[in-house]
Amino acid sequence: MSVLLFMINYFHRILEYTVNHFTLVLTVMILSMVLWFSVGVLISRYEMLAGAVLGLGNILFCIPSISLFGLFMTIPQLGLGRRSAVLALVLYAMMPLVRNVYRGIKSVDPRVVEAGQGMGLSSWQLLWQIQVPMAWPVIFAGIRITVVMITGIATVATFIGERNLGRLIHHGITRSNSDMILAGALIVSVVALCLDMLMGLLEKKLVSPGLRYQQRE
Amino acid sequence: MDSQLFLDTLLQRSPPHILEHARLVLVPLGLAVLVAFPIGVILTRPQYRRYAGRVMAVLNAGQTVPPLAVIAVFLPFLGLGFRPAVIALTIYALLPIARNTIAGISSVSEDVKEAARGMGMTPWEVFTQVELLLGLPVIMVGIKTSAVLTVGTAVLAALVGGRGMGAVIFAGINFFRPELILAGTLIIGLMAILLERLLTLAEWFILPRHLR
Amino acid sequence: MIELQEVTKTFPGSGTPAVKGVSLQVKSGEICALVGPSGCGKTTILRMINRLVEPSSGSLFIDDQDIMKVNPDHLRRGIGYVIQQIGLLPHRTVEENVALVPRLLKWPEGRIKERVEELLEKVGLDTDEVRKKYPYQLSGGQMQRIGVARALAVDPPVMLMDEPFGAVDPIVRLRLQDEFLKLQQSFKKTICFVTHDMNEAMKMGDKIAIMNGGFLVQHGTPREILAQPANSFVEDLVGEDRGVKLLDLVRVEALMLPREAGTANGRSVQALDSAKKALEVMLEHNVDGVTVCREKQVVGILTWETIKTYVHQAGSEAGG
Ligand SMILES: Nc1ncnc2c1ncn2[C@@H]1O[C@H](COP(=O)(O)OP(=O)(O)OP(=O)(O)O)[C@@H](O)[C@H]1O
Ligand SMILES: [Mg+2]
């Protein structure tokens, strides 16, 4: 209950942090989806790039988030704050997004692609009318993992000056204030779930009902 | 960039923290395997299979709690030190192991198990020689994922007095010194790769020759 | 007209060619049934005709146009293609599947809608019932029908059908075959029809092309194939009962004798029935001959003796 009290007392500050958190994650997600979707599609067509690109994503993913934030912070053009945070988080999103776009496209039944080809779809039409629509379920699985992950890691950006929900946890630790920590953890989870639901709605719009059934099989 | 500072960090400042960090990774990872593996095995037994969905939902929801929060949440109850960090990291490592244990064991087809039973294997033999062995690659992927994840997340343990390589990295952040961060990250990266290799090696030794 | 000249295909990394020097002509308005055991190269030939596979050597023509000189996407839009097993897009409704090629060709929406309705009706489906369904909601037979409808969408003169009725049970298959033949009577498409069922080939093909191990072994009308199998492989493929199959292909009127030649008992068949039907009637009623009628008019008789002679003759032609 004291957590609730804390949230009410610090309502304005918490609101500011939540809004900041939300906008940071949304910015990162929009940039990442555009960028990594393109890269995923690209490596599904130019197979020889796939190994190197996926390997790079894996390496980036292995670097602790705090290190990546810290390193970017010390680069003068990026500095403390949002630019470093966005860049680091976009790089984190690379592995799950690129991998799922690539896998999604590769997992489309080749017989269906060939049927499309046999009816005279050009390779661009094959991509947009068959491969991508059929890969949506796998791509969205990646997007939803990513959005939850990015929301969590964004808390760490508090150490490079982002005023977001991570600050509640960070200050909670330094002041040994459990209400602050719990409030931060709770709200971050709620934000993650909300964003996940948002992506779920988008998924519902994009994934054909003809495929949703297959997925459940 | 001060290369002298970088080398100093790499060779003198970090080494004492490496062992601490290794302890911060191996203890939680071991505990997580001890907890998550049996959970995964139980949830693939026919009589408990129907609970698998619900347990996984809880574990998945747990994953939405950010690592920073998990590390911090136990602080008020357990105070500063090694223990809250270990508990937090253990919890964080559970999900991939449990999930992949379930996936690995379920991936063994009913036909194969039926054939094994048909050859006269006891239920225990079917479990150890067929389900576990054939599911092992997938299970090991889960353990490796958790291992790599824990090596990185353990950096945050420094915030709650758990020490480890986080001490070096946070010093770099507080003093704005990329040399410290870079050196620390390099060591952490090498630890992650080494651990992953070791686990792959272990898998190779566990698997019988014809499955390697 | 489809024409193959000395076409050979060797897939990269495989030692022996999948198709070896095949020359074949399918005349306009005819169905050529390609038949042979699994892996003999039937699908490969089909895929070379719409350039999903490029031949290693030899050339292919459609209506005297060298297909290697046509843009492959445009070529394919002008060829109806029905595939083994699936081929319907699982993420599109029935309507969208059938409308695929018309949309590619930028037909106006109104015309597409009309065309879809017309086609679904033609292949024997209830338009309102299936239109909005997704492939997973259809039975095997319905899927095959939609595959055919989709291939017919822009009324292409040439169609390639790769075991189009392979995935349904025998009873449904017979019905689909009958319906398709009826459509073909009015459409008169030039069709390459792949099957590995000899009976289906006999029924569907104006001509049959028998393949084995990449070679074209024999090419001719069903009658020629039955009467004169080129070698023992064809003989085996046609089967032991080929005399009886042959009767399936000959009409009663072709074998019947004038009415005066003997006395008939009460049993009768129609002049346009197959000789096999007449044989069945004889066996069923244990008689030596039947009266042949055209509508209600008696025009002749067919006897057991005549049928036996005919089968015997066909058999010995094959031997010699
Ligand atoms: N894309 C390919 N790459 C390599 N080899 C192929 C390819 N497609 C077919 N083949 C080989 O070519 C041969 C002929 O195959 P094809 O698919 O034409 O046989 P088919 O007569 O259609 O058989 P089925 O009745 O089983 O469909 C086979 O040996 C097959 O393995
Ligand atoms: Mg085939």
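## Ground rules

Because the model is predicted, local features need pLDDT of at least 70 and side-chain atom pairs count only at pLDDT 80 or more, while totals for chains, interfaces and linings use all residues. Residues are numbered from 1 along each chain as its sequence is written, chains are lettered from A and ligands numbered from 1 in the order in which they are written, and side-chain values use heavy atoms, with hydrogens and water left out.

## Chains A and B

Let's start with the helical part. Chain A has 10 helices and 0 strands, and chain B likewise comes out with 10 helices and 0 strands. Here helices (H or I, at least four residues) and strands (E, at least two) are DSSP runs, numbered from the N terminus. Reading along the sequence of chain B gives α-α-α-α-α-α-α-α-α-α, and from the N terminus on, chain A runs α-α-α-α-α-α-α-α-α-α.

As for dimensions, the C-alpha trace of chain A spans about 65 × 40 × 20 Å along its principal axes. For chain B, the C-alpha atoms fill a box of roughly 70 × 40 × 20 Å, again taken along the principal axes.

## Who touches whom

Contact means heavy atoms within 4.5 Å. There are 2 pairs of chains in contact, and chains A and B share the most contacts. Chain B and chain C have no contact joining them, and their closest C-alpha atoms lie 25 Å apart.

On the A–B side, 26 residues of chain B meet 27 residues of chain A. Together the two chains bury about 2,300 Å², with 88% of that on carbon and sulfur atoms. T64(B), L68(B) and F176(B) supply 23% of the area that chain B buries against chain A, more than any other three residues. Buried area is the accessible area (1.4 Å probe) that two parts lose on being put together, summed over both.

Chain C has an open sheet of 4 strands in the order β2-β1-β4-β5, with antiparallel pairing. β2 (19–26) and β5 of chain C stand at the edges with a single partner strand each, so one side of each is left without a neighbour in the sheet. Two strands pair if DSSP finds at least two bridges between them.

Now across the sheet, strand by strand. β1(C) and β2(C) run antiparallel and are joined by 5 bridges; E3(C) has Q25(C) as its bridge partner in β2(C). Strand β1 (residues 2–9) of chain C is also joined by 5 bridges to strand β4 (residues 57–62) of chain C, again antiparallel. In that pairing, Q5(C) has S59(C) as its bridge partner in β4(C). β4(C) then pairs with strand β5 (residues 65–66) of chain C over 2 bridges, in the antiparallel sense, and F61(C) stands opposite D66(C) in β5(C). The hairpin of β4(C) and β5(C) has 2 residues between the strands, and D63(C) takes a positive phi near 50 degrees there.

## Around ligand 1

Ligand 1 is surrounded by 12 residues, the closest being S38(C), G39(C), K42(C), T43(C) and T44(C); a residue counts as near if one of its heavy atoms lies within 4 Å. By class, that shell has 3 nonpolar, 7 polar and 2 charged residues. In this scheme Ala, Val, Leu, Ile, Met, Phe, Trp, Tyr, Cys and Pro are nonpolar, Asp, Glu, Lys and Arg are charged, and the others, Gly among them, are polar.

Which distances does the ligand keep to S38(C)? An oxygen atom of ligand 1 is 2.5 Å from an N or O atom in the side chain of S38(C).

Note on methods
Polar contact = N/O pair within 3.5 Å; in protein donor to acceptor, adjacent residues only side chain to side chain.
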